[in-house]
Every structure is written in C-alpha cells, then in structure tokens.
Amino acid sequence: MKRVLKRLIPVLLMAVVLLAGCTPTEESDTPPESKLKESGDVYNLYSGEITTINYLVTSTTAEFSVAANAVDCLVEYDHLGIVRPALAESWEVSDDGLVWTFKIREGVKWYTYQGEEYADVTAQDWVDAARYLLNPDNASATANIFYSVVENAEEYYNGEIDDFEQVGVKARDTYTLEYTLKQPVPYFLSMLTYCPFMPANGKFLEEVGDQFGTDHTNILYCGAYILTEWRHQDERIYEKNENYWDADNIHIKKIVSRYNKEASTLAPEMFLRGEITGATIPTASLDEWMDDPEKSKMVRPAETSFYSYWYTFNFDPHFPDEYEPENWKIAVNNKNFRKAIFHGLDRISALLTLDPYEPERMLSNTISPKNFVAAGGKDYTMIGDLAKWTTGDSFDPDLALEYRDNAKAELEGKAKFPIKVMMPYNTSGTQWANEAQVVEQQLESLLGEDFIDIIPVGFPPTGFLNATRRAGNYALQNCNWGPDYADPETYTEPFYPDGTYNWPEKATDPAYFLEDGRTVYQKMVDDAKAEVIDIERRYELFAAAEAYVIEEAWVIPFRVGGGGYVATKLEPFASPYAPFGVSSLQYKGQIVMEEPMGMEEYKAAQAKWEKDRTAALEAEAAAGR
Amino acid sequence: MSQKELQVIQAIEDEALFTFAEFDPEAAERVGYSDYSYWGSTLKIFFKNKTVIFFLILMASLILFATIQPYLPNQKSSTKIHVSPVTGHPLQNQEPSKEHWFGTNVIGQDLWARIWSGTRTSLLIAIIVGIWEVCFGIFIGAIWGYVRQLDAFMTEAYNVINNIPTTILLMLLAYILRPSFRTMVIAMCATGWLGMARFVRNQIVIIRDREYNLASRCLGTPTSRIITKNLLPYLVSVIVMRIALSIPGTIGWEVFLTYIGLGLPIDTPSLGNLLNEGRQVMMAPALRYQLIFPAVVLSVITISFYVLGNAFADASDPRNHY
Amino acid sequence: MLKYSLKRLLQSLITVFIVITLVFLLMRLLPEEGYFGDGYDKLTPEQRENILRKFGLLDPWYVQLKNFYSSLLKGDLGKSIIYRPDVPVIDIIKLKIPYSMTFGLAAIAVSLLFGLSMGIHTARNKGRFWDKIWSGYVVFINAVPAAVYLLFIQLYITGLKYKGRSIFPMLFNRHNPRSWILPLISMSLGGIAGYALWMRRYMVDQLNQDYIRLARAKGMSEKQIMVKHVMRNAFVPMAQYLPASILLTISGSIYIESLYSIPGMGGLLVDVIQRQDNVMVQALVLIYSSLGIWGLFLGDLLMAIFDPRIRLEKKEGAR
C-alpha cells in the first residue's frame, strides 16, 4: 500500500499543478512577490536580567532592547546606516531649522501582549509620551536628552512652567506631529531613534499608572515583535507581530531567550550541542576554538560598539599622599612626560587581555570611533588633523624613550623620580585587573622603573566611579564615554570645562588659556557648536578640537567597546546599523542561517557591506541629505 | 575510717556538725591520682591511626612547601606576566610544559607560582581568622556561658547579629576599606567568631552543671582550678578541633565571597581567585587545567585539615581512651 | 506552655525589629552612586534628585524609617525600587518561592531518606568496606567547598551522552523532568553527608547504651529496637532543627540555582544588596529572620512534644 502511494504522489502532484495551471486566476500572471526569507527561530541565553521595560524611563541598553523590537520610532536606520521612514512617512523642516513636522503613517495599531488590537497609533501618542517623560515623578533617566533640544521642555521638567501646551511637541491633527526646537539641531533625526522620542498611548498610560513597563503585560506593542512571555530570570519569548506595517521585512518568527547567570561560560558549549542559536566566545577559550578545524569555521568577530575608551591623564589629582599627588601634578603638566607614556603604551599588549586573536580590531586611535558619522562622503575620523592619528599608531618605543629623556631633563630637580602613577581599576571583573597588570609591567619595563612607578589600585564596584574618576582620585585611568546622539559634539563633553573626567582647565601650561579666560579647547568646541548649517565645516572644526586633545596627550586613545567573537547563526550586516539609538538592537531584517558564518566569509561580507555603505553615503550626499 | 580520723570528728562534734574543709592540694592529688594522662592518651590514639599519619605528612609537606617555595631555585614570580621573546606579547594560556609546570593563565602568569602564592594567602587568612575566632569566640562564649545574668542579653544579641546578612557588612567594609587582604581578614573576623562563641557557650552550659563539677565545687575547689582542670581539658580538645575545621571552612567561605564578587583583588592570588579564574575557562577542555590544578590543591588542603580535625576530636574524647 | 509561647513570640518580634532597623540603617550607609547604575554620568543633577526622591531617599533617615514601619504595619512590604522598579515585592517573590521551596523540600526528603539509611548502614557495618567508602564521601563533601564539586558535577555529568543526546540537560526547564534531577541531587549531597555523619555517630553511641542492651535481653528483634527505640530517640534532637530548615528552604540555594538557572530565591538577597534595592533587602531580611527565629521556636516546641523529659519553661539550652 505504501509503495503504491509513493508512486502515486508525483502523479497526483503533477495533476494538481496542471489543474492549477488550467484554472484561470487573477494573480496567476503576477505571482505575489513576498520578500520574506527563510529563517529559523532564535534561541539564546542571557545573564543580565533586565529590571524594567519602561522605555520612557530606562537608559540601559539591555532594557531598551526590548522596546527596540516592541515599539517603533518615527524614523529608523537601514542596514547601511541610512535614515528611513518608519512610523513617520515623511517629514519636513522649517527654513530656520527649528520646526520639524512629521506625517504619521496611517493604519498602524497598538496591540496588547495577547495580540489584541488596542488603538490606532496617532500623533497624540508622542505628545502623551513626552508628558509622561517630563513628569519629574516618573524619574526618567532619558528626559534630559529630550529637554536638551525641545523648546520649553526643560522649563516644564523643572516646574518653571506648568502649562504643557507650551512645550514644543504638538499633534497638529490625528496624523501630523510637530516638534519645535530650542535651537537648530543638525542631528535631530538621529535623536528620534532613541527611547525618549518613542510613542506611548495616553489612555493606556493612565490605565496602568505606575505599573507601566513593569512586565510584558503592561506595555503596548506597535513594533515588529510582541513580547508574549516574560518570566523574570527565567525566559522571554518574542513572537512576530503579523500585523506589523513592514511585516515583509521580519523574517525571524520567534525569539526565545533563556536566563542563566553563568551564560557566558555555558553558552559556547550549548551552542555546540545545538541548543542555542548563538553564543559569545569568551576571550580565554578563543584559542581553543580557533585551533579546532571544525569549531574555527563557526567563529566570527562580533561588531564593535561606539563606546570609546582612553587612558586619561588627571590634571587635578586628589589622591592620598602616599601616591604623591603634588609630584604627579608637576609631572603631568610636562608635555614630554605625557608624550613619553602616550607613545610608550603598547596598546596591543593591553588589548590582548580582551582579544587575544585579533586585538587590532578593537584599537581606536581617536576619541570618536570610526564609522560614527560622516560628512561629504568622508568618515569623520579622516577629516583634517584626525587623519594623521587615525592612520598611524601611537605606540612608538623609540619616540617614547626620546620623550622620556626630554622629560627627565626638564623635570630634573623639580619632580621626584620614579614618578608614582596611581592607576585605579574595578575589582568586579577579571579583565580590567589583568589589563592593569599588563599595562603596569609593560610601561615600567619600557620606560624604566626609575622613571615611573605604576601602582594599580583595586576599587570595589560599589561606588566605583565616584570613588575614582569623579573624585579625581587617579593619576592615569582607563575611562570611557558613549555617544548621546549622532554628532561629534557628543564626544567633547568629557573635556569641556566642568566635566568630571580629567579637568584640563586646571592644567598649568599658559598656552592652554586665552585672554578671555576660556581654554583654547573650549573656544575650539564653542566655534564648532555654533556651526549648525554647514555640516562639513562643523565636522572640520570638531575634528580640529579632537586632534588637539590627542596632540597634547591629555588622553591616550585606546579602544572601542563591544567586539569579541561570536559563534552565531544570525546573519551579520543585515540588522539596522546605527551609532546611536535603538535601531541597531532590532531583529528587523535579520535571518537565522543554516550554518554559522566563519572568519573568511565574515570578512568578505564586511568588505561588501563597507562598499555598499560608502556608495549609499555618497548617494545620500549627492541627494543633498 | 581510721582511729585518728574518728577522734578528730569527735573533737569538733560539739562545735558544729559540718564545717568547710580547707582545700589541700596534696590530698586532692592523692585521691585523684592514676597513671592516666589525658594528653598522653589523646596523642597515643591520634598517632595510632594510619590515615592520620598519611594526612599529617601530606599536610605538613604542603604547608612546608608552600612556605619555602619562593626561596627555592628556578621559581617564578606569581604576578609577573611572561612575554614571548618572539612576538613581544604575553604568553597566554600556555599548557603545562617544562618551562611552566602548571601552564600559564589568561594573561601569561605562571600558574604553578600562582597556586602556591594563592595557597599561602588563603592559608594565612584562614589561620589568622582561626586564631581570632578562638580568642574572641572563646572569650565571648565563656562570658555568655558562665555569667548567667548575661545569658538572655547575649542570646538576643547573637540572634540579631546572626540575622544581619553578611553581604551587607562585606559590601560596606569593601567600600570603606577597598578590597585587599586586610579587608578580607577584617570582614571574616567580624562575623567568624559568632559560631565559635555559641559553640563554647553551649559547651560551658552543658559542662558547668555536670555532677563532677558540682562535686568539685562542694569540695571547695577554687573556680580557677575548676576551669583549668575540669573545664579546659575538655574544651581545649574540642577547640583545637574547631580550629582545624575552621580552616577548610574559611577557605570555602573565601571561595564563596569571590564567587559573589566580594573577594580579594585579582592581582593578589588566592585559592578563591584562582578557582574563579579557572571557572571562566572551564568550558574549553584544553584550558580546564586552569580550574583543575587549583581545585585539586584546594581539596587536598581542606580534606587534610578536615580529617585531622576529626581524628583529633575522636582521639581527644575521653570516652575513647582506655 | 501558652505563656511560654507568647513570651517567645514577643521576644522574636523584638529581635526581628532590631535586625530590620539595623539593616535599614546599614543600607543607608552605602554610597549614593549605587542607586543610579551605569548611567550616572549621563544624568543631570536635577534628574538624580528626582530619582532619589522617587526612591524616597531624600527624606532624613528617621522619616524614611517611620514611613517604612507605618506601611509595614499595614501589611505592605513595599515596591521594589531597582531590582524591578515599581513591582510589589510580594509579586516578585511569589513567583520565585515555589521553585526554591519545591527543590528545597525535595532535597530535605532525599537527604533524610538517603542520609539516615546510609548512617544506619555504616554504623552497623562499622569499619568494613562500605563504611570506609561512605566515610570518604562524607569527608569529601564536608571538606571541599561546594562551589568546587558542584561545578565539576555540572561540567562532567551533563556531558554524558546517550545516542548523541545529553542525558541530563545543562539548564533547568520546568517542562522537562530530566532537567530536575541534577539540581536535586546536587542540592541533596550536603544534606546526605550531614545526616549520615550525625546518624552514624548517634547510632554508635546509642547501640552501647544500657536500654538497648535491656531491649536485646528482652528478646526484641533488631528491627523493633531500631524503630521503637533508636529512631524515636534519634528524632528528638533532629526535631529541633528540622522546622527551621524546612521554613528556610524558601531562601533557596545560591550556587545551584545560578548554575542550573532555576528562577528561585537563591542569590536574590545578595543580588538586591549589591544593587542597593533597599526595599527588597528589608523585605527579604524581614522574611528570612522571622522564619529563622520562628523555626527555632517551633523546633523547641516539637522537641518538647516528642521528649516528655523536656520542659520548655526551664530550658536553657542552645538556641
């Protein structure tokens, strides 16, 4: 019987095909062209449980990654980093750059976690979200991002005005939203992809009160996915929102994330056992994976982030007498001394504690990372004097020794040698402690123990930055900063007077100051900030200021965040690319491949992506956007 | 009863029927004499056990080796990062070899040297904490047990302190004093004595009203002699046992504190730190040696102390003497 | 009995009160930065103030203490501030307690069953082969830190494969009973060793006692002696600690729950202390310390019921 059936099946199938061919249907000549790609589901492990999904309050990446997939923004980035319409179909700016008007996409709806329709998405949702955000009782951690640009928002937040009508966000009609800014903000569109500019239904906000975002049942969904299940420290399940306005670009149907505190150790093994879709490969076991012919085919580099790390010299030391702060003050104000360490630090050795395989990938020669922003088809780090640093390497032992000898000669009789360099690190993890030990031994053996004495000092994670950097309780420290918006201005904040990083305004070198009391650096930044129309000019000015910080060796640019290695079936370069905001956290456009990508394939894909991106940026520039 | 004694009784009969007898050490000695020696018997039984001899030798050689290891020829520093002469970069994750007997860790430090340095650190912490536990714990425990008026108050205080999570105290201490060897010792001393005090108190409560103590007191034995001759021999043996057992306990505790992120800074090798470092690479079979070596050394140490402590407790129990 | 119970209850209330107040004050000594997490640098001073105000931390400490107690009297444990902002503490722990208690109780049952029978078995075969093997086990479990052997168990046993699939999954999954086995065994190992050691010592002691000899002389069978005399007497000292250990199963096991990813209470206290979620810390300390103290009290009561010689009013034993 079975055999008969087997033989019959092809015949039957043929019959069906023939019949279908014969039946005249309307679609027959234009078959529905679905862009939907084949994709498996995602299974992964995570170790840090999120505390809330209230996207109007949190500023933690892991937490707004839920909102990134659950709620859409006005605009979004595509996989090449080009801004595309999302919930806003189109927009226009007034000539003075102050009023932005958005046409909201019609027919998009809010859904509950059970997939039931709740309401339409309208312009009023952005106004209601802003009202919630600017209510100081809600203690939003991102309100400042909003009120730093929108008219009257800061006054409302601080209680100086009571009338919300005066705040520069308005629903002109059901589908027309209007933002009025304090001053022209050339990077405003990039800000719109961050949580404080996400919509929220006002009626629902009122309904759930202070429980908004406490779990998956207490938010509404208008994005690509619905969080159908969230059991705290257990699992999270996302399912595709079939009614999503751009459903054709959502290929992954289901994402199941399981919690495990030891995820980083267990995930690689579980990946090999085929239980999960992807895993980060810890630094320590990387060699093991790379040496194994089978496993090495599955490992590829992970994307780096836009967090930027630099070793920072402190000009205003406030550390205990045992580390000789006065002596440090004399030494740090000597440019040759700073340059000796600047050129003496073997960053690759230090980076080997993070990436033993290809440390160069995480190296950063500037304060703003590469591929952060571009103007006129040119990457920001290649503009003006920054290009010199971007293409070179600060580590140069011969140059370092030359500067050391100069510093010794200049400081002779003024400072006591060896100069004690107090270098704090956070004891919560092992990597930083390891890095501190490597840096100490490398610098001391190059520059001589009679020149510097680097003293790594461990501080507990409890109140770490307040005890070290912010208190000026360090001589040399690895500090970091992440961008708040897509503009080079964001990376100037640490060094601008009143920052809490290294207080260059307290330096004694008279060449750093102008007659009007400002520092030279301050003037350079002020001038750049004032240029809001000509973006190319603006970037040139910022690049000059950044090159100044590096040239004067206030910091030693070190690395970018992220990076590392992953073994994953998720396709790289398919997800939205953005230096800032929530777009890059979306699963939109991604697929789960049959097999993970290896190193070579990845490199090829990366080269192709970079080519595509350059072309896309040039096309954008040509279109005058 | 001799004739003479009868006469004495006769003589005082008129004055009073009973008077307190003067304490006469000689007489006491004569009555209590036997050729039994508590410590002699204890040690005899202790050393008769072959397992004990084995672990004693093992432990002694471990401690001896850990102590003299840095002074032996060809030993490496536990913190020096070994650099490859070819590439100029650290020699990371080198498997055990002639040069590095136990291999190197993730940043190229010699694991052999780190294990012995870690053993010294952990043992030193354990011994300091152990001694403190004994001194302070016994002192508090003795007062608690002997002074009846204080019992209710001390019990209450014990309940309170015992119920405050150690993590809070440790976090505060680490925050105020910064993570270091000193902080670790202070943190462990701050709470470690509690168990000892309770233990001593319970022992004293049990023993102080035993019949033989009652008898001693009736015979007019001074309190100091009751404590030194009646109470202490009993207590000393259990206390020595507690110290022996507190060492594996303290090491286990250090491992736990490191596990929850409140341990020593990583540039001070300790068994807890080494284990934690090893744990992070355990999923790579080729690197598992970084977990196995410290785990084995740690287990040998804790097991030796544990076995010896228990064997000593058995040996020192007078019921096992013959 | 009633009077005594009331007195003990009152006493424990005072203890819990002092504990909570101290914990409350200690938590306020921790640095302010801890309330903001990583985002500190990105916040304006006004935002920081608003966050602290929302957490109720701007009031002087005695006002905070008063607020805490007045809501506690209304039976309100409060809402978490950092661990899961705005979620009532009760809702958080109510999801977690069942996991910890189920595993904890099962582990106690397994430990009692295996531990006691192991103890009895070894006591009766003192000095023989199995006695030595079991003693080795007991020594190992008691001496080696749990973190070490639990790790190796998970590492090697989950690697065992049958027809290419691992027999024991690495992670707990509430739908897959096979994944419950390893955590349960891991959790029972310590208990088995503890009960076995204790039972063996007790048996060796008791079997030489006069009343056992008398029972033997009377012609009772070994089985009867075991059940009617030894076991019953053995239960008395155990009764003292059993209620506390049963009640405290709700606190879970920090190592095992984190290794196998069981969403229970283990590690929750450490976690919320490190994140400085004051409300959660206070609630948990309140629960744990009351349960601990009342557990001991119940233990004393139980002991008095089982052993007619014990009179609670005069008892001055270990607490």
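Good morning. In this predicted model, 43 residues of chain B are in contact with 44 residues of chain C, contact meaning heavy atoms within 4.5 Å. Residues are numbered from 1 along each chain as its sequence is written, and chains are lettered from A in the order in which they are written. Local features need pLDDT of at least 70, side-chain atom pairs count only at pLDDT 80 or more, and totals for chains, interfaces and linings use all residues, while side-chain values use heavy atoms, with hydrogens and water left out.

I begin with chains B and C. The area buried between them is about 3800 Å², 71% of it from carbon and sulfur atoms; buried area is the accessible area (1.4 Å probe) that two parts lose on being put together, summed over both. The rule finds five residue pairs in polar contact across this interface, both residues at pLDDT 80 or more. A polar contact is a pair of N or O atoms within 3.5 Å; within protein, one must be able to donate a hydrogen and the other to accept it, and residues adjacent in sequence count only if both atoms are side-chain atoms. The count of salt bridges between chain B and chain C is zero, a salt bridge being a side-chain nitrogen of Lys or Arg within 4 Å of a carboxyl oxygen of Asp or Glu.

I turn to chains C and A. Here 40 residues of chain C are in contact with 51 residues of chain A. The buried area is about 3500 Å², and carbon and sulfur atoms give 44% of it. How many salt bridges are there between chain C and chain A? The count is four. In one salt bridge, Asp210(A) pairs with Lys79(C), and the closest N and O atoms are 2.8 Å apart. Across the interface of chain C and chain A, 18 residue pairs are in polar contact, both residues at pLDDT 80 or more.

Finally, I consider confidence. The predictor gives the complex an ipTM of 0.79 and a pTM of 0.82. Chain C has a mean pLDDT of 85, with 96% of its residues at 70 or more; pLDDT is the predictor's confidence in each residue, from 0 to 100. Over residues 315-319 of chain C, pLDDT stays under 50, and the model has 18 contacts beyond four places in sequence for them. Where pLDDT is low, the predicted coordinates should not be read in detail.
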